[in-house]
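Q: I am new to this structure and would like to learn how to read its features. Can we go through them in turn?

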There are 2 protein chains.
Amino acid sequence: MFEPPIQRLIDDLARLPGIGRKSAQRLAFHLLTVEEEDARRLSRSIVEMREQVRPCRRCFNVTDADECVFCRDLRRDPSVVCVVERAQDIVVVERTREFRGRYHVLGGAISPIEGIGPERLRFRELLDRVHGEGITEVIVATNPTVEGDTTALYLAKVLKPEGVKVTRLASGLPVGGDLDYADELTLGRALVGRREM
Amino acid sequence: MFEPPIQRLIDDLARLPGIGRKSAQRLAFHLLTVEEEDARRLSRSIVEMREQVRPCRRCFNVTDADECVFCRDLRRDPSVVCVVERAQDIVVVERTREFRGRYHVLGGAISPIEGIGPERLRFRELLDRVHGEGITEVIVATNPTVEGDTTALYLAKVLKPEGVKVTRLASGLPVGGDLDYADELTLGRALVGRREM
């Protein structure tokens with residue numbers, strides 16, 4: 001229906017997560033009508049990000065330097081490390097303003113179904129850090145899914161013999177939520193993890 | 001929170017219509033983790049579209065040639081022209097498979113509030129086509145909004161003295177809605193049931 005240069009852009013945009021065919025069309029026509037420089041800047045930002053961003057050599061967060069902002073920050077406590085599945089999970093933890101340690105990005109979670117075993121993730125690198133950086137506590141912030149739970153259990157098994165305290169984010173009711181809308185699994189976990197008042 | 005190359009891309013993505021801050025973050029991290037070539041292709045598609053696409057010299061649809069696909073198609077009836085506000089409205093009309101004429105893109109609708117008078121739109125060019133191309137019917141497919149209705153009335157006033165039959169898409173389109181969101185069936189019915197003005 002569209003001429004090749006437009007169709008190609010629509011196809012490329014529709015490949016992005018959460019962008020359907022109709023949104024891709026709207027975005028393509030938007031990019032066709034905005035100031036030329038705005039379109040070029042977006043194009044350039046994509047390539048420049050790919051060229052400049054790489055994994056932090058310590059924690060595998062994304063960075064444009066040797067080490068990421070958190071590993072470079074000397075006010076951060078190096079003895080506490082929060083383990084996340086993906087780099088984008090870090091920003092969610094940061095938003096709480098409750099954590100002042102460092103991070104470690106595993107690169108995913110253990111998933112037998114998808115054939116992702118521990119050797120595919122950065123456990124070895126975490127173990128090296130535990131030995132070299134005086135880490136005393138590892139907070140496991142993997143997703144509250146079967147894969148995230150499996151990964152957390154594996155971490156506990158591997159790290160406890162090293163004398164490291166391994167903790168996991170509490171599962172339970174979302175703050176401000178309604179008990180009525182909680183699913184059984186979440187409510188079950190909230191019950192198991194209940195605390196004395 | 002993010003290092004400059006990532007933050008810049010997030011900012012540029014968040015400027016797109018319908019993309020919020022959170023979606024922009026997701027998209028940026030997606031583009032960071034996909035195959036490098038996929039990211040580069042999207043970047044290239046944006047620039048290439050801007051470089052290759054221009055208005056059709058006859059109907060002002062977007063094209064990468066002198067004339068657009070519909071103006072070049074000799075099986076199309078040149079005596080019936082469908083007038084739309086924007087080039088992206090053409091695809092919606094095409095999807096109905098009810099229309100086999102040509103198009104004319106006005107470039108917007110008359111809007112006294114936004115200071116858009118008839119001189120800002122391509123009425124002059126439409127009139128030239130009426131005189132030169134043997135057009136006998138103009139189907140007005142402007143949006144069913146105050147601006148679209150005003151534009152339709154203006155078109156009827158200008159074109160009727162030229163002996164051209166001016167029709168407007170029938171009701172069935174939700175008033176105050178956007179042509180872009182109409183489903184094919186509704187728009188198809190509106191096309192079949194168009195009425196002379």
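Q: How many salt bridges are there between chain A and chain B?
A: In this predicted model, the count between chain A and chain B is 6 salt bridges. One of the pairs between the chains is A:Glu3 with B:Arg72, whose side chains meet in a salt bridge at 3.8 Å, N to O.

Q: What is the area buried between chain A and chain B?
A: The size of an interface is often stated as the accessible area that is lost when the parts come together. For chain A and chain B, the buried area is about 5100 Å², and carbon and sulfur atoms give 63% of that area. In terms of residues, 54 from chain A are in contact with 53 from chain B.

Q: How are two packed helices described?
A: Two values are used: the angle between the helix axes and the distance between those axes. Take helix α3 of chain A and helix α3 of chain B, each covering residues 36-52. Their axes come within 9 Å and cross at roughly 165°. Angles over 145 degrees count as roughly antiparallel, and therefore α3(A) and α3(B) are roughly antiparallel to each other. The crossing of α3(A) and α3(B) is left-handed.

Q: Which residues of α3(A) and α3(B) meet?
A: On α3(A) they include A:Ala39, A:Leu42, A:Ile46 and A:Val47, and on α3(B) they include B:Arg40, B:Ser43, B:Arg50 and B:Glu51. By class, the residues of this contact divide into 8 nonpolar, 2 polar and 9 charged.

Q: At what angle does α3(A) pack with helix α2 of chain B?
A: The angle between α3(A) and α2(B), residues 21-33, is about 55°, with the axes 9 Å apart. That angle makes α3(A) oblique to α2(B). The crossing of these helices is right-handed. A:Ile46, A:Met49 and A:Arg50 of α3(A) make the contact with B:Ala28, B:Leu31, B:Leu32 and B:Thr33 of α2(B). The residues there divide into 5 nonpolar, 1 polar and 1 charged.

Q: Where do the helices α6 and α7 of chain B lie in the numbering, and at what angle do they cross?
A: Helix α6(B) spans residues 123-133 and helix α7(B) spans residues 146-159. Their axes come within 12 Å and cross at roughly 40°, which makes α6(B) oblique to α7(B). The crossing is right-handed.

Q: Which residues make the contact of α6(B) with α7(B)?
A: B:Phe123, B:Leu126, B:Leu127 and B:Val130 in α6(B) meet B:Thr151, B:Tyr154, B:Leu155, B:Val158 and B:Leu159 in α7(B). This contact has 8 nonpolar residues, 1 polar residue and no charged ones.

Conventions:
Residues are numbered from 1 along each chain as its sequence is written. Chains are lettered from A and ligands numbered from 1 in the order in which they are written. This is a predicted model: local features need pLDDT of at least 70, side-chain atom pairs count only at pLDDT 80 or more; totals for chains, interfaces and linings use all residues. Side-chain values use heavy atoms; hydrogens and water are left out. Axes are lines fitted to C-alpha atoms, for helices over the stretch in contact, and angles run from 0 to 180 degrees between N-to-C directions. Helices (H or I, at least four residues) and strands (E, at least two) are DSSP runs, numbered from the N terminus. Angles under 35 degrees count as roughly parallel, over 145 as roughly antiparallel, 65 to 115 as roughly perpendicular and the rest as oblique. A crossing is left-handed if the near helix is turned anticlockwise from the far one by less than a right angle, and right-handed if clockwise. Contact means heavy atoms within 4.5 Å. Ala, Val, Leu, Ile, Met, Phe, Trp, Tyr, Cys and Pro count as nonpolar, Asp, Glu, Lys and Arg as charged, and the others, Gly among them, as polar. Buried area is the accessible area (1.4 Å probe) that two parts lose on being put together, summed over both. A salt bridge is a side-chain nitrogen of Lys or Arg within 4 Å of a carboxyl oxygen of Asp or Glu.
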